[in-house]
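Me: I want to go through the labels on this model one by one. Please give me the value behind each.

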Amino acid sequence: MALRQSLLAKGATWALSILLTAGCANETGPAAVRGVSPAAPMTPTTLNIMVPGDRSPDFDLVMEEAERRMAEEGLHLDIRMEFVPWNDFGTRSEVALASGEEIDLIFDAPWLHLNEMIASGYYEPLDVLLEQYGETIVAKRPRQMWDANRSAGRVMAIPLGVSHVMSHSYFIRKDVRESLGVPPIRTYEELLRFAYLVKEKAPEVVPLIAGGTRSQQLYSQAAFRHYFDDTDIRPTQALDSSLMLYYRHNDGKVHNAFKELDSPVRTWVEEARRLYVDGIMHKDVLGIKDFQEPGASGAVAIFPTGSFHVGEIAQEKLRETVPDGELERVTFFDDTPGANVSDFGQWNFIAVPVVSKHKEEAVRFLNWANEKRNYDLLAYGLQDTHWKPLEGNKFKLLDTGYNQPAFVWIWNPTDDRLLADDARTEELTRFIRNADNFTPDVLTGFEFDGSSVQAELDRYNRIEAEYYTPLFNGVIDPASAWAAFEAEAGPSLEAIERELQRQADAYMRK
């Protein structure tokens, strides 16, 4: 199956594990694990969990404390975590599910292959298990989050999210900006002027890099524009990591970038070509699996991210190669109430594979992990060793030995703390966590059923994989590539568009 990324209009939060941070919480006291009998057997049940990312140096130390606490509360579990590099997770998890490996909890996402795995029957429906053993899991997420993230009316995976849009921004080399005498960047035009100045005055640094792989295609240069441009363009449920079909103006109308010659998407692609030809874009953008690596190591001056916050881990990584280097966040997010549309869909989920022999224990574990005291442990590590709490539901990082992002396994908006930061970053973070700040999408809760056009979807995705990231990063010339892309994929895309529009219209008539 084709791997897809959304960060999207939704995304990962997905792949920015060294840069993403945590957010605010409402304090609640520790509670007993729901549904755990005092007579639970002393022999631990092994839970196999597969998530993307890297194992923190202090992970085992934190899990020892977690298992000690669980045992005290009658939940005897041996947690076995398999960490898979982000760029390999899609393939590794797909193979594991298809072969029936013994996995009890697994990360997935709409931008990865969540919908395909649900359609293929790999995940267990969770409504009954949550009712029996997941009281806290349910309580820690607002009703809007549950209602907007069902599949055919059922909970097929637990949403992992704390906000209603992604915190997209660019990270830039602040030290380079200041050395060139450039004032703080406020607009996208100023960002590009900085990029050209870097090329002229600091040639040892590559001005810009973006997402160049299939799984990162909404972080490609042209696609990333949709997060900030005032055109209100959003990907569709049919191709949720592609802007070749998109919504605009919150009217439920599907737009096709092949058919609309004046589409803003085409303008963004043409700009990406200019940046590549002018030597602003990294010349090997398609060959770098993790596009943030060159940025975090200081080789690149500008790169896109899914965070408003530059974490200390990212700063430490930069200082390993550039001792005086410093990253800063630049965002063009409009925090005017009502200016942004949200369907309240989430970007990350954790699911229980249907082959799991320990479904009940898996849900009980997540229920335990969603208690405030335990969430703090698994999200931030040992208190006063790795972190300390601050007033206002915030925390301060003390040690980077534990960096196991909550967004791949336990994230919830009630318990998540806000990392101490500057006032503007805190303001933006709180803004995107308040559902009342967003205009509801007219298609909130809509699910696309692609079964009637599955052959066209399969064909289109195969072709798009060849053209999308080269086009959207400027590596190939749109003057000729658009025509070739459309000749091969146009009929399939149009068939998908027609079916999507038919279903969207039917949904809005309800």
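Me: Start with Ser 163. Which residues is Ser 163 in contact with, leaving aside its neighbours within four places in sequence?

Reply: This is a predicted model. With those neighbours set aside, Ser 163 is in contact with Gln 346, Trp 347, Ile 432 and Arg 433. Ser 163 itself is found in the loop between strand 4 (158–160) and strand 5.

Me: Why is Ser 163 called buried?

Reply: The relative accessible area of Ser 163 is 7%. Buried means under 20%. So Ser 163 counts as buried.

Me: On to Thr 305. Why does Thr 305 count as buried?

Reply: Thr 305 lies in strand 10 (residues 300–305). Its relative accessibility is 0%. The cut-off is under 20%, so Thr 305 is buried.

Me: What does the side chain of Thr 305 reach?

Reply: The side chain of Thr 305 reaches the backbone nitrogen of Ser 307 at 3.3 Å.

Me: How do you know that the buried residues of helix 12 are on the same side?

Reply: In helix 12 (residues 312–321), the buried residues are Ala 314, Gln 315 and Leu 318. They cover an arc of only 100 degrees around the axis, which puts them on the same side of helix 12. The buried residues there pack against strand 5 (169–173), helix 11 (292–296) and strand 11 (327–330).

Me: Why is helix 16 called roughly antiparallel to helix 17?

Reply: Helix 16 (residues 454–472) and helix 17 (residues 478–509) pack at an angle of about 155 degrees. Angles over 145 count as roughly antiparallel. That makes helix 16 roughly antiparallel to helix 17. Their axes are 9 Å apart, and the crossing is left-handed. Residues that meet include Leu 457, Tyr 460 and Ile 463 in helix 16, and Ala 481, Phe 485 and Leu 493 in helix 17.

Me: What makes helix 8 roughly parallel to helix 10?

Reply: Helix 8 (residues 188–201) and helix 10 (residues 264–277) pack at about 20 degrees, with their axes 12 Å apart. Under 35 degrees counts as roughly parallel. So helix 8 is roughly parallel to helix 10. Here the crossing is right-handed. Tyr 188, Leu 192 and Tyr 196 in helix 8 meet Glu 271, Arg 274 and Leu 275 in helix 10.

Me: Is Asn 250 buried or exposed?

Reply: Asn 250 has a relative accessible area of 16%. That is under 20%, so Asn 250 is buried. Asn 250 is found in the loop between strand 8 (245–247) and strand 9 (254–256). Its phi is near 55 degrees, a positive value in a residue other than glycine.

Me: Why is Asn 393 called partly exposed?

Reply: The relative accessible area of Asn 393 is 21%. Asn 393 is found in the loop between strand 14 (387–390) and strand 15 (394–397). Although not a glycine, Asn 393 has a positive phi of about 60 degrees.

Terms used. Residues are numbered from 1 along each chain as its sequence is written. This is a predicted model: local features need pLDDT of at least 70, side-chain atom pairs count only at pLDDT 80 or more; totals for chains, interfaces and linings use all residues. Side-chain values use heavy atoms; hydrogens and water are left out. Buried means under 20% relative accessible area, exposed over 50%, partly exposed in between (1.4 Å probe, protein chains only). Helices (H or I, at least four residues) and strands (E, at least two) are DSSP runs, numbered from the N terminus. The arc is that of the directions from the helix axis to the C-beta atoms. Contact means heavy atoms within 4.5 Å. A polar contact is a pair of N or O atoms within 3.5 Å; within protein, one must be able to donate a hydrogen and the other to accept it, and residues adjacent in sequence count only if both atoms are side-chain atoms. Axes are lines fitted to C-alpha atoms, for helices over the stretch in contact, and angles run from 0 to 180 degrees between N-to-C directions. Angles under 35 degrees count as roughly parallel, over 145 as roughly antiparallel, 65 to 115 as roughly perpendicular and the rest as oblique. A crossing is left-handed if the near helix is turned anticlockwise from the far one by less than a right angle, and right-handed if clockwise.
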